[in-house]
Amino acid sequence: MKHDFFSKKLFAEKTVLISGGTSGIGLAAAEIFCASGAQVVLMGRSDLRGQAALDAIAAGERTHFVRGDVCSRLDCARAAEETMRIFGGIDILVNSAGIYAEGALDDLAEEELDRLMETNIKGTFHLTQASLPYLRKTRGSVVNVASDAGLHGNYFCSAYAATKGAVIAFTRSLALELANDHVRVNAVAPADVLTPMTEGQLSPHRSRNEQLREMSAVYPLGRIGTPHEIAAVIVFLASPAAAWVTGSIYGVDGGLTA
């Protein structure tokens, strides 16, 4: 896929750290950042997926993979430090790592709730906190990946929606906290996007195409999104074109929340 949304030199000499960077929206963002001249570090839990992501981006020495889990504060600190050691700083942080779970609250196990909270909320906190000293030096930018579920109620996913609502509140509050440091903090709130996480929600007992058609029917634009359509907004928010944008939550949802 071509990534000519932005100038090939827009992010020259800029360094981007992306959690969840080995698949879905995170990988799509990495591809666009690299195509626009950036140096990109991908953080993920699998060495195999990490190497596959580097191969897909094919940007050579301008990319690096760090194995780590955002649930671990030590892993997040190591990822930030390794990014600094290899590329000399962090200009942009993209918190894209996240997990999804659905079901009635009656059936929600404490272990599942903990897993959602640890990944979606604490993971975003941990990596942002670890990156802050470097972002302050570069007057950088943070872009969090939230969800339409964090903006309004979604059926059968109250715990997931609560975690994404927390990411939205965190984004707005941190934007105010860091304004004097000239660090901008924004978020995207995508609806259904054709990622591995979405594919995992589909039933193996029904036609995939039929399920995707049903999913698409609720959207005014008549389809679900692609990872690169979400990633393009992430890259915009991190760019100089959004220099006066902070504390904003950008809905990228085919008109679902209009």
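Arg 139 sits in the loop between α4 (110–138) and β5; helices here are DSSP runs of H or I with at least four residues, strands are runs of E with at least two, and both are numbered from the N terminus. The model is a predicted one, in which local features need pLDDT of at least 70, side-chain atom pairs count only at pLDDT 80 or more, and totals for chains, interfaces and linings use all residues. Residues are numbered from 1 along each chain as its sequence is written, and side-chain values use heavy atoms, with hydrogens and water left out.

Although Arg 139 is not a glycine, its phi is positive, at about 50°. Its relative accessibility is 55%, so Arg 139 counts as exposed. The scale behind that word is a simple one: buried means under 20% relative accessible area, exposed means over 50%, and partly exposed is in between, with a 1.4 Å probe and protein chains only. Another residue that is not a glycine but has a positive phi is Phe 156, with a value of about 65°. Phe 156 belongs to the loop between β5 and α5 (158–178), and with a relative accessibility of 43% it counts as partly exposed.

What does the protein look like as a whole? Eight helices and seven strands make up its list of elements. The radius of gyration is 17 Å, close to the 18 Å that the globule rule gives for 258 residues, so the protein is as compact as a globular protein of that length. For this comparison, the radius is taken over C-alpha atoms, and the rule is 2.2 Å times the number of residues to the power 0.38. The C-alpha trace spans about 50 × 35 × 35 Å along its principal axes. Of the 258 residues, 51% count as buried. Among contacts with a separation of 6 or more, 73% come from residues 24 or more positions apart; a contact means heavy atoms within 4.5 Å.

Turning to the inside, the largest nonpolar core has 36 residues. A nonpolar core is a set of buried Ala, Val, Leu, Ile, Met, Phe, Trp, Tyr and Cys residues joined through side-chain atoms within 4.5 Å. Those with the most contacts inside the largest core are Val 16, Ile 18, Phe 33, Val 40, Leu 42, Val 188 and Ile 234. At least two residues of this core come from each of β1 (15–19), α1 (24–35), β2 (39–44), α2 (47–57), β4 (92–95), β5 (141–145) and α8 (227–238). Apart from this core lies another, of 24 residues, with Leu 17, Met 43, Phe 87 and Ala 130 among them.

Which residues does Leu 42 meet, beyond its neighbours within four places in sequence? Its contacts are Ile 18, Gly 21, Ala 30, Ala 53, Leu 54, Ile 57, His 64, Phe 65 and Val 66. Phe 87, from the other core, lies in helix α3 and counts as buried at 17% relative accessibility. With neighbours within four places again left aside, the contacts of Phe 87 include Thr 15, Val 40, Glu 61 and His 64.

Gly 88 is placed in the loop between α3 (73–87) and β4, where it counts as exposed at 52% relative accessibility. The C-alpha atoms of Gly 88 and Arg 206 are 50 Å apart in space, and these residues are 118 apart in sequence. Gly 20, in the loop between β1 and α1, is partly exposed at 21%.
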